[in-house]
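Student: I am new to this structure. Please take me through one part of it closely: the aromatic rings and their surroundings.

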Amino acid sequence: MARAIIKKLSDSDEHRPFVAHGSADVLKLGELTIGRGVFEPGWQWSKDVKPLAGTEFCEVIHTTCVLSGQLHVKMRDGQEFDLGPGDVAFIPPGHDAWVVGKEPCRAVDFTGAEDYARVQARKEEEAEPSVLQ
């Protein structure tokens with residue numbers, strides 16, 4: 001029989017600081033990985049996470065709920081939209097985003113936390129098949 005798993009967002013399993021302007025916290029709930037992002041004023045994915053991800057755009061799928069602050073998202077195809085408190089959004093791969101205004105943006109991500117803001121070298125090491133000698 002499955003057992004309930006209860007955690008606080010403040011008690012993350014992993015903390016991933018951005019280059020500047022915030023961080024992501026990762027919580028594992030059995031098979032599910034959830035992320036909480038704190039994006040400080042001045043944060044922009046292409047400046048603060050791109051160096052960690054090593055990709056031109058964010059290639060993570062997000063299903064997110066914005067708790068506070070404002071976020072502007074620009075898709076690779078040119079579509080742009082704003083997200084604010086209470087907005088729930090599905091954001092496909094291929095986007096940049098940045099904080100709008102002077103208030104931090106706080107959001108919970110239900111699908112993209114496993115790979116978000118991970119150092120590229122670490123991802124490559126995990127992807128390499130082991131070699132038997």
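Tutor: The protein chain exposes about 8000 Å², and carbon and sulfur atoms supply 55% of that area. Accessible areas here come from the Shrake-Rupley method with a 1.4 Å probe; for residues, only the protein chains shown count as cover. This is a predicted model, in which local features need pLDDT of at least 70 and side-chain atom pairs count only at pLDDT 80 or more, while totals for chains, interfaces and linings use all residues. Residues are numbered from 1 along each chain as its sequence is written, and side-chain values use heavy atoms, with hydrogens and water left out.

The protein chain has three helices and nine strands. Both are DSSP runs numbered from the N terminus: helices are H or I with at least four residues, strands are E with at least two. From the N terminus, the order is β-β-β-α-α-β-β-β-β-β-β-α. Of the 133 residues in the protein chain, 38% are buried. Buried means under 20% relative accessible area, exposed means over 50%, and partly exposed lies in between (1.4 Å probe, protein chains only).

Now the rings. The structure holds four aromatic pairs. Rings of Phe, Tyr and Trp (its six-membered ring) pair if their centres lie within 6.5 Å; planes under 30 degrees apart count as stacked, over 60 as edge-to-face and the rest as tilted. One of the pairs joins Phe18 and Phe39. This pair is stacked, with 5.6 Å from centre to centre and 10° between the planes. Phe18 sits in the loop between β1 and β2, and Phe39 in strand β3 (residues 32-39), so the pair ties together parts that are 21 residues apart in sequence. Phe18 is buried at 7% relative accessible area. Phe39 is buried too, at 8%.

Phe18 also pairs with Trp43. Their ring centres are 6.0 Å apart and their planes stand at 40°, so this pair is tilted. Trp43 lies in the loop between β3 and α1 (45-48), so its pairing with Phe18 ties together parts that are 25 residues apart in sequence. Trp43 is buried, with a relative accessible area of 3%.

What surrounds Trp43? Set aside its neighbours within four places in sequence. Then Trp43 is in contact with Phe18, Ala20, His21, Asp48, Val49, Leu71, Ala97, Trp98, Val99 and Tyr116. Contact means heavy atoms within 4.5 Å. Across the protein chain, residues 24 or more positions apart account for 60% of the contacts with a separation of 6 or more.

The largest nonpolar core has 23 residues, and Phe18, Phe39, Trp43 and Tyr116 have the most contacts inside it. A nonpolar core is a set of buried Ala, Val, Leu, Ile, Met, Phe, Trp, Tyr and Cys residues joined through side-chain atoms within 4.5 Å. Five elements each supply at least two residues of this core: α2 (50-53), β5 (70-75), β7 (88-91), β8 (95-100) and β9. β5 gives the most, with three residues. In soluble globular proteins, nonpolar side chains tend to be buried together.

Most residues other than glycine have a negative phi. His21, one of the contacts of Trp43, has a positive phi of about 65°. His21 lies in the loop between β1 (14-17) and β2 (22-29), and is partly exposed at 35%. Ala117 also has a positive phi, near 60°. Ala117 lies in the loop between β9 (105-109) and α3 (120-127). At 8% relative accessibility, Ala117 is buried.

Seven salt bridges are counted. Each is a side-chain nitrogen of Lys or Arg within 4 Å of a carboxyl oxygen of Asp or Glu. Among them, Asp115 and Arg118 meet at 3.6 Å, N to O. Asp115 is partly exposed at 39%, whereas Arg118 is buried at 7%. Another joins Lys7 to Asp13, with the closest N and O atoms 2.6 Å apart. Lys7 is partly exposed at 35%, and Asp13 is partly exposed at 45%.
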